[in-house]
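Subject: Structure handover

Hi,

Here is the structure I promised you. Please open it first, then read my notes below.

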Amino acid sequence: MKTRYTLFLFALTSCLLSCEQDFLKRDTGVVTTKRDVFNDPKLAAQFADRSYIFMVLDYFGLGSVGQPFRGTISEFTDESVCGFLDEPYKAMYSGDWTNWEHGTEFGSNKTISGQRPPYVKFYEGIRNVNVFMEEYPAIPWENEPSLNGELVKAQQHYFRAYFYFELSRRWGGAILMDKPLGLNDDMDIPRSTFEETLAFIEKDLNEAERIFSTTTFTDNTGSSPLLIYSPESGWNPSYSIDVPGSNVSNNNGRPDLGAVRALRTRALLLAASPLWNPGGDAAKWQRAADAARSVIDMGRYQLHHDYSKILTDPISHEYILANIKGPRASNVAGFFRDYLISPSTNGYLEKSGSLNPTQNHVDLYETREGLRITDPGSGYNLKNPYANRDPRLEYNVLHNNQVWQAPSKVETWREIKDGVVVYGKDVTAVSGTGTSTGYYCRKLWPEALKGNTTSTAILNFVYYRYAEILLNYAEALNEAQGPTAEVQAAVNQIRQRPTVNMPTVANTFLARGVTISKESMRDLIRNERAVELAFEGIRWFDILRWKKGPEIIAQPIMRMDVVKNDTAFTYTPTLMTSAYQRTFKDYMHLYPVPLNEIAKGNNLKQNPGWPE
């Protein structure tokens, strides 16, 4: 393929699209007009690629003034806390979301360090799609045989659906637009209902699916034909389920048929969940199950054999859509060095190691027999609290005395010697430095990374992976039909991944002495989601759609206090200080519409419960 238009490569313009006189700012003195762009298929495709920059691009997109791109949405949940209590978390924990000016997740009145709050960002992405769609019929695709205009259009349908889905799972109904607004158009448009927004999303997904499922594109401009896209393989011309790594190509990261169906699964799961389906309509759950089944039946995806490398391998047949990252360095300021890694690995001293899993999260991991640690006979003992646990605990969380960057071990203890408190190398007495909970996040910390060195490692951002689809299927089908054999089989695939090897669903309930029912199966699936998908930005939205915020987020947040006694340790679960405890009311299951957006017109209404 002569033109390899790659993700995030083309920074075409940051000005409003109405700037017809200088549509694309290129070299100094060179003016590129809108007509120039859409008369050239290559430029038009590059313009379409701008849609990527409005997506969520990484696990750590939150921040505040002076600390952009540090925080994760995980720290809004019971999964973890922000050790140094940056502005997003003070606002989140207190419930005072609308008065916080510096955040990016909840939608702020300000932008920082080039960041845009999602409310603005997603609508900017929608506008980019709408401009492209308006111009699409006149683009002379026949002038560039190395491009296929229909496939470019299919991607844009996916993106618009994606942006509206991201809006809807935060705010509910959105302002629906299928064409760009001009300066003289009425922009005071009311929000549509959630149901209308869902229908709009499905319409785009259906059109994208139609194109992706019927189009095969071969570039014949070279010395031999080159398969670029087919419904069976997606973008990869040499895909084989039996050849590891064969799904890597220059187009890796572009949505295809699998991504379209995965997004539909999320959208229909949201629509079927208690937030939008309080009556528990089984038909809505069945639609979500059918959508997940359509991904499973493709036969294209399979679970990665090694859970510990689920985000760090450059290739995986589990990825449905992923932003494959290049090697990331740990010797510069950024998420790794001044936020994730511990003081002993040369994190920046003022805020190092501040992504801290909670004891609440650690307590969710079962024993190897499938028992909850609170179950009679579990054998859970605070003298050795991490023994005989689900292997995913040590793949996701770093705890005291765990081997890490061998032969080193994690030290999150304190010891009293001659009346003086001495700390282990991975925890300090300085507030906001090192772990505040006794834990670090392993899942987002490639083991090779140490601060102030030339070490590099891969951490991919995965939008959809096959394990989530299996869990979506199990959750939806259980709600629609109860704990059928298919429900159990989907969960068993995940629990019996070779490096996990947890008991089957049947054996788990047998060990617990509990009857398998829709309710008990629901609890197991929700716990399985919390463990399997930990720190991947999914739990927050699960809690919102389940309407479980007061029950889960507002529960007491706990840490593990570790005291060293010679060569032994004493472990004591301890309530964190009031600064880390959370307020969560029922109306918070939907985000507040930014007040500065409401002030722009008369038709944009605030979500119930939030200040207007």
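Is Glu-532 buried or exposed? Glu-532 counts as buried, because its relative accessibility is 0% and the cut-off for buried is under 20%. Bear in mind that this is a predicted model.

Salt bridges

The count comes to 45 salt bridges. Three of them are described here.

Glu-532 pairs with Arg-392, at 3.0 Å from N to O. This pair links distant parts of the chain. Arg-392 is in helix H11 (residues 392–396), Glu-532 is in helix H15 (residues 518–532), and 140 residues separate them. Both side chains belong to buried residues: Arg-392 and Glu-532.

Glu-532 also forms a salt bridge with Arg-465. Here the closest N and O atoms are 2.9 Å apart. Again the link joins distant parts of the chain, with Arg-465 in strand S16 (residues 461–465), 67 residues from Glu-532. Arg-465 has 1% relative accessibility, so it counts as buried too.

The third pair is local. Arg-170 meets Glu-166 in a salt bridge, with the closest N and O atoms 2.5 Å apart. Both lie in helix H5, 4 residues apart, which is about one turn of the helix. In an α-helix, residues three or four places apart point the same way, because there are 3.6 residues a turn. Arg-170 is buried at 3% relative accessible area. Glu-166 is buried at 2%.

Cavities

There are 6 cavities of 30 Å³ or more. H16 gives the most, with 4 residues. By type, the lining of the second largest cavity has 7 nonpolar, 1 polar and 6 charged residues.

Ile-416, Val-421 and Tyr-423 make a nonpolar surface patch of about 260 Å². Ile-416 is in strand S12 (residues 414–417). Ile-416 counts as exposed because its relative accessibility is 56%, and the cut-off for exposed is over 50%.

In helix H3 (residues 87–94), the buried residues are Pro-88, Tyr-89, Ala-91, Met-92 and Tyr-93. Gly-95 follows H3 and has a positive phi, near 80°.

Best wishes

Methods
Residues are numbered from 1 along each chain as its sequence is written. This is a predicted model: local features need pLDDT of at least 70, side-chain atom pairs count only at pLDDT 80 or more; totals for chains, interfaces and linings use all residues. Side-chain values use heavy atoms; hydrogens and water are left out. Patches are made of residues with over 30% relative accessible area and no salt bridge: like charges are joined within 9 Å, nonpolar side chains (Val, Leu, Ile, Met, Phe, Trp, Tyr) within 5 Å. Accessible areas come from the Shrake-Rupley method with a 1.4 Å probe; for residues, only the protein chains shown count as cover. A salt bridge is a side-chain nitrogen of Lys or Arg within 4 Å of a carboxyl oxygen of Asp or Glu. Helices (H or I, at least four residues) and strands (E, at least two) are DSSP runs, numbered from the N terminus. Buried means under 20% relative accessible area, exposed over 50%, partly exposed in between (1.4 Å probe, protein chains only). On a 1 Å grid over the protein atoms alone, a cavity is a set of points where a 1.4 Å probe fits but cannot get out, and a pocket is an open set with protein on both sides within 12 Å along at least five of seven lines; lining residues have an atom within 4 Å of a point. Grid points are joined across faces, edges and corners, and a volume is the space filled by probe spheres set on the points. Ala, Val, Leu, Ile, Met, Phe, Trp, Tyr, Cys and Pro count as nonpolar, Asp, Glu, Lys and Arg as charged, and the others, Gly among them, as polar.
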